[in-house]
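User: Please take a close look at one helix pair in this model. Then set it against the rest of the assembly.

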Amino acid sequence: MPSYNRPGPGGISRRNALLGASAGIATLAMPRLGRAADDTIRIGFPTPLTGPFAAEARDQVKCAELAVKLVNDKGGIAGRKVELLVRDDKLNAGEAATRTLELIEKDKVHAVVGALSSAVQLAVNEVTRARGVIYVSISQSDTINEAKDFSKFTFHEALNPHMTTAAVARQTLKKGMKVAHLVADYAYGHEMLRGFKRAQAAIGADTVGEILHPFGAADYSTFMPRLMSLRPDVLCISNFGRDQANAIKQAVDFGIKQQMKIVVPVILHNQRLAVGPDVFEGVVGGANYYWGLETQNKTAAEFNAAFRAANGGAIPTDYGAYGYSGVGSLLMAMQAAGGTETDKVVAGLEALQYDLTKGPQHYRKCDHQSVQSVLVLESKKKSAMANDSDLFAIVASDPGADEMLRSCSELGHAT
Amino acid sequence: MDLSLIIMQLFSGIALGAVLVITALGLTIVFGMLGVVNFAHGALFMIGAYAGLYLASLTGSFWWGLLLAPLLVGAFGMLIERVLVRRLYGRSVDDPLLLTFGLSYILVEGVRIVFGSDGIPFPTPSQLIGVVDLGFGFFPKYRLFVIALVAVVLLALWLMLEKTRVGLIVRAGARDPQIMRVLGVDIGRVWLAIFGLGVGLAALGGVLAGPMRSVNPEMGTLVLAEAFVVTVIGGLGSIVGAVVAGLMVGVCISMVALFAPEMATIVMFALMAAVLLVRPQGLFGLKGRA
Amino acid sequence: MAMQSSGAAPALPQAQRVMAAIADHRVLVSLVALALLPWLLPSKALAVNVLIYGVVVMGYNLLFGYTGLLSFGHAAFFGTGAYLTGIAIGRFGLPWFAAVPLAIAASTVLAAAIGTISTRTRGIYFSMVTLALAQLVYYVALQASSWTGGENGLRGFTVDHVNLLGLQINFLDPVNKYYVLMAFAALAIWAQSRILNSPFGAVIEAIRENEQRARACGYDVERCKLIVFMLSGAISAIGGCMSALHLSIVPLDILHYQTSGMIVMMVLLGGARSFFGPFIGAAVFLILEDVVSIWTPHWQIVVGAIFVGFVLFLPKGIWGTLLDLLPAARERR
C-alpha cells in the first residue's frame with residue numbers, strides 16, 4: 001500500500017496526481033479484470049451469517065467446506081488446491097453486491113456460489129454477469145431462470161417454486177377438492193401461487209379464495225375469519241421462513257387444522273425446529289433434501305456419513321445440502337475442464353451429469369436450471385418421532401425430469 | 001359477505017388493537033412523563049418475550065413467566081435509566097432518542113449471542129389452548145385472554161394515576177418538575193419508576209405476543225414501527241390517545257384485510273399521515289408539546 | 001515565516017494555522033482526501049461506499065447538524081434517488097447523464113412533499129413523523145413491484161461504459177468507477193459548501209440556535225425549514241444516484257428506517273455541524289463494520305456500543321471533538 005502522503009494546505013501532491021492519472025489511463029480499455037496468476041482456486045461464498053437465517057447459513061458453510069475438503073483430499077483440481085472465501089451478506093441485497101464486488105475485484109475469485117434470498121441472488125447475479133464471472137445460485141426462486149436475469153455464466157442449482165408446488169400439489173390435491181390460498185404479497189409468494197394454481201388446474205381442483213398478506217406480517221388473525229368462511233379442503237400457505245412459521249402457528253391457534261389440511265411449497269427444517277412438532281404436525285411441504293433419505297438412497301447415505309464424520313455426528317439440513325451440491329457441482333465441472341478457464345467451466349457445467357446428495361442431476365441448457373428430484377415431506381407428530389432429528393416422513397420423492405420445469409420458450413429463452 | 005364475517009373481522013380488529021395498545025402504552029407514558037423517546041422499546045418488547053419464555057420453562061408455568069418477566073425487565077429498564085439515560089437530562093432533547101437507538105443494537109445482538117438467531121417455540125399455556133364459539137365464529141381462547149388482560153392493566157393504570165397519591169405525584173411531576181422539587185419530592189425517583197413502568201409494559205406486550213408469534217431476535221423491529229404509528233396518531237404522551245389510536249388502527253387494519261389484505265401495513269402509515277395533516281400533535285396530544 | 005498574523009493578535013501555533021487553512025479551502029481538501037481514499041482502504045468497493053454514504057450523510061447534515069432537525073427518514077431520499085436513476089436508465093433507456101438530474105429533481109419534489117407535512121411538527125414529533133413517512137415510501141416501493149422490482153430490488157440497468165468528453169471509460173473497472181463517482185461527490189460537496197457559505201446558511205444555523213429569535217428577526221422560519229429540507233433531500237439523492245450506478249441494483253432495504261438510522265449514526269460519529277464530519281463518520285462506520293465483521297458475526301454489538309459511547313461522551317463526534325481541542329479553529333468550522 002502506498003504510504004500516506006499528506007498534502008500541504010491547498011495543494012494536491014504531484015505524486016498522487018500522477019499515480020491516479022496513470023492508473024486511470026492504464027485500465028481504461030480493459031473490460032475484464034485479469035485473474036491473478038496464483039495457484040489456488042478461489043470460490044466466493046456470500047451467505048447470510050447474520051440475520052434471521054444465520055442457522056441455515058452456517059449449515060451451508062459447513063457443507064460447502066465439506067465439498068471443498070473432499071476435493072482437496074483427492075489432490076485438488078489439476079493439482080491446485082481449492083479455497084472457499086465465505087462472506088457475510090447480512091441477507092441484504094446491497095451488502096451482497098458490495099461483498100461480491102470485493103470478492104471479484106480484491107480477492108480475485110474464479111467463481112461465486114451462494115445466496116439464500118431471492119433479492120440477494122439477483123444482486124449477486126447482476127454483479128457477476130456484467131463481469132463474466134461464473135455464479136452458481138442456491139436460492140429457491142423462479143426469477144433467475146427467466147431470460148431477463150439470465151446469463152451464460154449463471155447456473156441455478158436449487159429448486160424453484162414451480163417444481164416444489166407441482167410436486168406437493170400432486171401428492172395432496174385430488175380432483176374436485178376446494179383449495180384456498182394464503183399468499184405473501186411479494187415476488188416469491190406470487191411465484192408459489194402461480195405454481196400451485198397451474199398444478200391445481202391440471203389435477204382438477206378448484207380455488208375458492210386467495211388472500212394476499214403483507215410480506216413480513218407478524219399477525220395473521222385478521223385473515224383467519226375469511227379463510228375459515230371459505231370452507232376449503234386444503235389451505236396452501238405460500239410464504240417463507242418466519243412468515244410461514246407465524247402463519248401456521250396462528251392458523252393452528254384458530255383451529256384451522258380441524259377443518260382443513262395445511263400444505264406449503266417448501267417445508268423448512270429450521271422453521272419446524274423453531275415452532276415445534278405440535279404446531280407443524282400433519283403439514284405437508286416440499287424440500288430439496290432431508291437426511292432421512294439415507295434409508296432409500298445410497299448417495300444420501302454417503303453424504304450424511306461424510307457430513308457426520310466432519311461434524312461430530314450432526315446431520316445435514318435441507319439448506320446445508322445446497323451448499324454441498326452447489327459447490328460440489330461447480331468443482332466437478334472445473335475438474336472436467338482441467339482448471340478455471342471460464343468458457344471451459346461453463347461448457348463443463350452444461351454437460352455435467354452429477355449425483356451428489358440424492359440422485360442424478362444435470363443443468364438444462366436453455367436456462368441452466370438444475371433438473372433434480374423433489375421430496376415431499378410430512379411433519380411428524382411428537383409421539384411418532386424416533387429422536388430429536390426425526391422431524392419428517394418422506395411421502396414421495398419425484399425423480400428429476402425436464403417436464404418438471406417451465407418450458408424454455410415460456411421463460412423467454414430461444415432454445 | 002355475511003354479517004357474522006364482518007362482526008368476526010371487527011372482533012379480531014379489536015383483539016389486534018389490544019396488542020397494539022399494550023405495546024404503545026409504555027412508549028407514550030415514558031415520553032409523556034420524561035420527554036424521552038425510547039427507541040429501544042421494540043428491543044425491550046423482544047427481551048420481554050425471551051424473559052417470559054425462559055422463566056416459564058424454568059418454573060414450569062406460563063403464569064410465573066407472565067408475572068415475573070415484566071417485573072424483571074422493568075427493573076432492567078430502571079438500571080438503563082439510572083446508568084445511561086439520566087446523564088442526558090438537560091442536554092438536547094434528541095440525545096435520549098439517539099442513545100436508545102444505539103442501545104437497541106446492543107440489546108438485539110446481545111440476545112442473539114445468548115439465545116442464538118433462530119426462532120424458539122413459545123408454547124401456549126395449556127389452559128388457553130383451543131377456540132371458543134362466539135356465535136359469529138370461533139376465536140382462540142388465548143387472544144380473548146389477551147384482550148381481558150390488557151383491559152385489566154389499563155384499569156389498574158388508570159386507578160393508579162387518578163386515585164392514588166403516587167399517581168398524583170407522577171401527574172404533577174409531568175406537569176412541572178421544578179415545583180415538585182420545591183415541595184420536597186425526589187423527582188429523580190419518580191422518573192426512575194416511570195421509565196421502569198414503561199419498559200415493564202413493553203415486556204408485558206412481548207410475553208403476551210410470544211405464544212402468538214415465533215420468538216426471535218428480530219420480532220421487535222416491526223413492533224417498534226407499529227408502536228410509533230399508534231403513539232403519533234394518539235398523541236405522544238397521552239394514554240387515552242394510545243388506547244383510542246391502538247383500537248382504531250387495529251380495527252382499520254382488520255377491515256382493510258377483508259377487501260385488500262396486502263395493503264394492511266400501508267394503511268397504518270397512510271392513516272398516520274392523514275391524522276398528521278389535520279392535527280399535527282395527534283388526536284389527544286397537547287399542542288406545542290416538546 | 002512571520003510570527004505575528006495581524007496587529008496585536010497573539011501568535012497562532014502551527015497546528016491552528018493549518019486547521020484554519022483547511023477550513024478556508026474545505027472543498028479542495030475534501031477532494032484531495034477523497035482522491036487518495038481508494039489507495040488507503042483495503043478495497044475499492046469499500047472506498048466507493050464511503051463516497052456514497054459520505055454524500056448522503058452530508059446532505060443529511062444540512063438538515064440535522066446545521067438546522068437542528070433530527071429527521072429519521074432520510075433513507076427516503078437516498079432510496080428515491082437510486083430507484084429513479086435505475087428506472088430512468090433501465091426502463092426508459094435514458095443515458096446516465098439525463099437519468100441522474102431527473103432522479104435528483106424528482107427526489108427534491110418528494111422532499112418538498114414530506115417536508116411540508118413534517119415541518120408542521122417540531123421536536124420529537126418531527127423525528128417520528130419523518131420516520132413514519134419514510135416507512136410509507138418503503139411500503140409503496142414494496143407494493144409497486146412492477147416498477148421497483150419489489151422485494152427483489154431493481155435490476156437491469158447496468159452501466160458498463162461512460163462516455164465523457166469523447167473518451168470512453170470502462171465503468172466496470174473499480175478505479176475508473178471511483179473517480180467518475182468522485183466527480184458526483186465533488187458536485188455535492190461544492191453545493192454544500194456554497195449553501196453553508198451563503199446568507200441562507202447563516203439563517204438555518206440561526207434557526208437551530210433559537211427559532212423564536214430567528215422568527216422575531218423577520219425570517220420566515222417555516223419556509224426556510226422547507227427549503228433546507230428540499231436541499232438536504234436533493235444532496236442525499238445524489239448519493240442515491242451514485243449508489244445505483246455503483247451496485248447496478250437498487251435493494252429495497254435502501255428505503256428502510258434502519259438505513260435512516262445508519263445515516264444518523266454516521267453523522268454523529270463524524271461530527272454533526274461540521275463540514276468534514278459526514279465523510280469521516282461514513283468512513284469510520286464502514287471501516288469499523290468491515291473490520292469487525294471479520295472477527296465476529298456480532299459486529300452490531302460493537303458498533304452499537306461505540307455509538308452509545310459517542311452519544312454519552314463525545315456528542316460532537318470525531319471531527320467536532322478534534323476541533324474543540326483547538327480553540328481558534330472552532331469559529332472557522
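Analyst: This is a predicted model. Start with the pair in chain C. Helix 3 (residues 44-66) of chain C packs on helix 8 (residues 174-197) of chain C at an angle of about 15°. Their axes lie 9 Å apart. Angles under 35 degrees count as roughly parallel, and helix 3 of chain C and helix 8 of chain C are therefore roughly parallel to each other. Their crossing is left-handed.

Now the residues that meet. Helix 3 of chain C brings C:K44, C:A45, C:A47, C:V48, C:L51, C:G54, C:V55, C:M58, C:L62 and C:Y66. Facing them in helix 8 of chain C are C:P174, C:V175, C:K177, C:Y178, C:L181, C:M182, C:A185, C:A188, C:I189, C:Q192, C:I195 and C:L196. By class, the residues of this contact divide into 18 nonpolar, 2 polar and 2 charged.

Next, the contacts between chains. Chain A touches chain C through 42 residues, which meet 41 residues of chain C. On the chain A side, helix 1 (14-27), helix 3 (93-105) and helix 4 (118-130) each supply at least two residues. That side of chain A holds 23 nonpolar, 11 polar and 8 charged residues.

Chain A also touches chain B. Here the contact takes 30 residues from chain A and 34 residues from chain B. Several elements of chain A each supply at least two residues to this side: helix 2 (54-73), strand 7 (206-213), helix 7 (224-230), helix 8 (241-253) and helix 10 (269-275). Helix 8 of chain A gives the largest share, 6 residues. The side of chain A that touches chain B has 14 nonpolar, 10 polar and 6 charged residues.

Finally, chain B itself. Chain B has 11 helices and 2 strands. Along the sequence, its pattern is α-α-α-α-β-β-α-α-α-α-α-α-α. The radius of gyration of chain B is 19 Å, close to the 19 Å that the globule rule gives for 290 residues, so chain B is as compact as a globular protein of that length. Its C-alpha atoms fill a box of roughly 60 × 50 × 35 Å along the principal axes. Of the 290 residues in chain B, 54% are buried. Among contacts in chain B with a separation of 6 or more, 75% join residues 24 or more positions apart.

Methods
Residues are numbered from 1 along each chain as its sequence is written. Chains are lettered from A and ligands numbered from 1 in the order in which they are written. This is a predicted model: local features need pLDDT of at least 70, side-chain atom pairs count only at pLDDT 80 or more; totals for chains, interfaces and linings use all residues. Helices (H or I, at least four residues) and strands (E, at least two) are DSSP runs, numbered from the N terminus. The radius of gyration is taken over C-alpha atoms; the globule rule is 2.2 Å times the number of residues to the power 0.38. A residue is buried if 20 or more other C-beta atoms lie within 10 Å of its own, exposed if 12 or fewer, and partly exposed in between; C-beta atoms are placed from the backbone. Two residues are in contact if their C-beta atoms, placed from the backbone, lie within 7 Å. Ala, Val, Leu, Ile, Met, Phe, Trp, Tyr, Cys and Pro count as nonpolar, Asp, Glu, Lys and Arg as charged, and the others, Gly among them, as polar. Axes are lines fitted to C-alpha atoms, for helices over the stretch in contact, and angles run from 0 to 180 degrees between N-to-C directions. Angles under 35 degrees count as roughly parallel, over 145 as roughly antiparallel, 65 to 115 as roughly perpendicular and the rest as oblique. A crossing is left-handed if the near helix is turned anticlockwise from the far one by less than a right angle, and right-handed if clockwise.
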